[in-house]
Amino acid sequence: QERQSIIRYWLENLRAKQGEALHNIHFLEGQPIIPELVARGVIQQLFPLHEQRILKRLMKSWVQAVCEAQPLDDICDYFGVKIAMYFAWLGFYTSAMVYPAVFGSILYTFTDSDQTSQDISCVVFSIFNVLWATLFLEEWKRRGAEFAYKWGTLDTPQMESLEEPRPQFRGVKRISPVTSAEEFYYPPWKRLLFQSLVSLPVC
């Protein structure tokens, strides 16, 4: 996953040199090449290919496995930390839901049909759920921190923070009043017009 992130970062931030052109597209100096080619339709999509051998192994140990623990380390190695963390949380949440399900079933079974008994059991179940939710959140904080430490992402910057700001930015070519270099500029009135006519009505 780290290798793929590095390669993607490298590809998305390939910069054009002065006067460089490709498929009749003339780039500005320092302009990202790949996002421009994607925007112009020269490149349709950019994504890593799957490794069938590893997918088959994950299919057996993860998808087709019944009543077995998820191979979270294998998921992390192949899909990356974000996906592995999601499935770790999903598995933890699913197993934690057993407690309110069992307690609720027992409470429902032994509650009488009269209104007073139902009200009391509702209050008891509500208190149980509040306690369960608190314990669930605290335990997930611990478990999530364990996974983050194990996978080397504890208190480290995410890949998004390492990316350059908006390499896909498009606008009108102009000479920068600050650096006197050619740059892309998107007029504020166009942004305001889009917000007024599209964003605000949709919201």
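Start with the whole protein chain: its domain assignment lists domain 1 (1–49), domain 2 (67–157) and domain 3 (170–202), with bounds that come from an automatic or database domain assignment. The model is a predicted one, in which local features need pLDDT of at least 70, side-chain atom pairs count only at pLDDT 80 or more, and totals for chains, interfaces and linings use all residues. Residues are numbered from 1 along each chain as its sequence is written, and side-chain values use heavy atoms, with hydrogens and water left out.

Colour domain 1 and domain 2 next: taken over C-alpha atoms, their centres are 43 Å apart.

**Stop one: α5 and α7**

Select residues 81–96 for helix α5 and residues 115–150 for helix α7. Helices here are DSSP runs (H or I, at least four residues), strands are runs of E (at least two), and both are numbered from the N terminus. The two axes come within 11 Å and cross at roughly 150°; axes are lines fitted to C-alpha atoms, for helices over the stretch in contact, and angles run from 0 to 180 degrees between N-to-C directions. That makes α5 roughly antiparallel to α7 (over 145 degrees; under 35 counts as roughly parallel, 65 to 115 as roughly perpendicular and the rest as oblique).

Now show side chains. On α5, the contact (heavy atoms within 4.5 Å) includes Trp-89, Phe-92 and Tyr-93. Among its partners on α7 are Trp-132, Phe-136 and Trp-140. By class, this contact has eleven nonpolar, one polar and two charged residues. Nonpolar means Ala, Val, Leu, Ile, Met, Phe, Trp, Tyr, Cys and Pro; charged means Asp, Glu, Lys and Arg; the others, Gly among them, are polar.

**Stop two: bring in α6**

Look for Tyr-99, Pro-100, Phe-103, Gly-104 and Leu-107 of α6, which meet α7 residues including Phe-125, Phe-128 and Trp-132.

How do α5 and α6 pack? Their axes are 4 Å apart, at an angle of about 15°, which makes α5 roughly parallel to α6. Zoom in on Thr-94, Ser-95 and Ala-96 in α5, meeting Val-98, Tyr-99 and Pro-100 in α6.

**Last stop: a hairpin**

Finally, select strand β3 (residues 172–175) and strand β4 (residues 182–185), an antiparallel pair with four bridges; pairing needs at least two bridges found by DSSP. Which residue of β4 is the bridge partner of Lys-173? Click on Phe-184 to find that partner. Ile-175, in turn, stands opposite Glu-182. Six residues lie between the strands of this hairpin, and Ser-180 in the turn has a positive phi of about 60°.
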